[in-house]
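Dear colleague,

After it come my notes on what was found.

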There are 2 protein chains.
Amino acid sequence: MHALIFDLDGTLIDTVYAHVFSWQRAFEEAGMAIDGWRIHRRIGMSGGLFARAVAREIGRKLTDEESQSLQHRHGEIFMEISPQRRPLTGAVELLKFLKENNVMYGIATSGRRPEIDKSLEALGVGDDVVVVDRGIVVRAKPAPDLFLACQQRLGVSPLECYVVGDAVWDILAARRAGMLSVGLLSGGYGEDELTSAGAYRVYRDPSELLTALDELGVLD
Amino acid sequence: MHALIFDLDGTLIDTVYAHVFSWQRAFEEAGMAIDGWRIHRRIGMSGGLFARAVAREIGRKLTDEESQSLQHRHGEIFMEISPQRRPLTGAVELLKFLKENNVMYGIATSGRRPEIDKSLEALGVGDDVVVVDRGIVVRAKPAPDLFLACQQRLGVSPLECYVVGDAVWDILAARRAGMLSVGLLSGGYGEDELTSAGAYRVYRDPSELLTALDELGVLD
């Protein structure tokens, strides 16, 4: 019994650059200008952790209220500039193939319902798929909680799970969960960053992963 | 006699993520959806080359009119979502330090006037600085023409020039010009991508480069 546990943003849905831009605008409006690349490399962490990490770059702590307000404003801008959600190349086909070939999979994301609902809909992910979101666990990535909650619901041992993600936070959380991981370049990290973090393999996007499933040993 | 030749977007000015988002929207409006990371990794090429490269990803050639129209629409969206230009951390201080210490420098960008005027203004770059833009040369990066035109105006041999850039296209164009290069992470590439392309050193941003000028041997 094997299973694939997917991250959502940057792994299955093409939202990373809209998130970076939305965070950058939210911080700027709050008088805290921060370089785009520093935001990019922190996307995929829990929102609270992210806001605090970015605040450290700015050089002062944020109050809980400020952090909440930044997260809220980020969400507003994101919905405004990115009303549509577009699956990454090959994402829909990959999930379809896994289903047809009885390879178990789930989704574990630092995002929250209802914000992620449009993404799931765009992917054609229905109620039959295990989806673990930020609201279900106490700590989001890079803590292992999201992946462990997903694995438990799938009923597969951590050693039999591959995490598929685009950020070093996915790879780190996978290691802390005792799982192997596969990196995708579709979130804008470089191959070496993902390999150095511990990814077993790195593929360009879901489309290339689909052609390489044999390398993971998850097909019968 | 040494000189530093700077790229502009992603190297001195924090515009890469706004450019990615603007290109993505321009292509989407034209019915050509393309993944954000593929755009990101092509930023910094000449606009025409960029539009054709992206079109190849989509699988069909663009007419010259389509290419022009995409570039025009990208410019419109960029100006709309990003009315302000923000220097990257340490960029203003770096240029000021170079001037005060009589280290020659110039700017060579695939961007065009008047689009780049706001960026130069935000950096405090006046008429006394050599600025070579896309309009001056036949071929933009990764051709060496921009860097060679800048070096000739500075009157320094290519072997005495360091190109400073954030994209592999800067590093490639520098090699084709017979120049050394320094990479910055501030455009969102990974360190290894820049080193593999041939960068002599990689720093986080202009601020870190300022503290490391001794490593380049450009100070008296």
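The peptide bond that joins A:Arg113 to A:Pro114 is cis, with an omega of about 5°.

Before going further, please note that this is a predicted model, in which local features need pLDDT of at least 70 and side-chain atom pairs count only at pLDDT 80 or more, while totals for chains, interfaces and linings use all residues. Residues are numbered from 1 along each chain as its sequence is written, and chains are lettered from A and ligands numbered from 1 in the order in which they are written.

Other backbone features

In chain B, a cis peptide bond with omega near 10° links B:Lys141 to B:Pro142, and B:Pro142 is found in the loop between strand 3 (130-132) and helix 7 (145-154) of chain B. A:Asn102 is not a glycine, yet its phi is positive, at about 55°; this residue belongs to the loop between helix 5 (91-100) and strand 2 of chain A. With 8 C-beta neighbours inside 10 Å, A:Asn102 counts as exposed, given that a residue is buried if 20 or more other C-beta atoms lie within 10 Å of its own, exposed if 12 or fewer, and partly exposed in between, with C-beta atoms placed from the backbone. B:Asn102 likewise has a positive phi of about 55° without being a glycine, and it is exposed, with 8 other C-beta atoms within 10 Å.

The sheet of chain A

Chain A holds an open sheet of six strands in the order 3-2-1-4-5-6, with parallel pairing, where two strands pair if DSSP finds at least two bridges between them. Strand 3 (130-132) and strand 6 (201-203) of chain A are at the edges with a single partner strand each, so one side of each has no neighbour in the sheet. From one strand to the next, the twist averages 25°, with axes taken as lines fitted to C-alpha atoms, for helices over the stretch in contact, and angles running from 0 to 180 degrees between N-to-C directions.

Strand 2 (residues 104-108) and strand 3 of chain A run parallel and are joined by three bridges, and A:Gly106 has A:Val130 as its bridge partner in strand 3 of chain A. Four bridges connect strand 1 (residues 3-6) of chain A with strand 4 of chain A, again in parallel, and there A:Ile5 is partnered with A:Val163. Strand 4 and strand 5 of chain A also pair in the parallel sense, over four bridges, with A:Leu180 in strand 5 as the bridge partner of A:Tyr162.

Both faces of strand 4 of chain A are covered, with A:Cys161, A:Val163 and A:Gly165 buried on one side and A:Tyr162 and A:Val164 buried on the other.

Helix 8 of chain A

Helix 8 (residues 168-176) of chain A lies across strand 4 (161-165) and strand 5 (180-184) of chain A, and runs at about 175° to strand 5. Its buried residues are A:Val168, A:Trp169, A:Asp170, A:Ile171, A:Ala173 and A:Ala174, and what covers them includes helix 7 (145-154), strand 4, strand 5 and helix 9 of chain A. After helix 8 of chain A comes A:Gly178, with a positive phi near 70°.

How the two chains meet

In all, 24 residues of chain A are in contact with 24 residues of chain B, contact meaning that the C-beta atoms of two residues, placed from the backbone, lie within 7 Å. On the side of chain A that touches chain B, the elements giving two or more residues are helix 1 (16-29), helix 2 (36-40) and helix 9 (191-197) of chain A, and helix 1 gives the most, with six residues.

With kind regards
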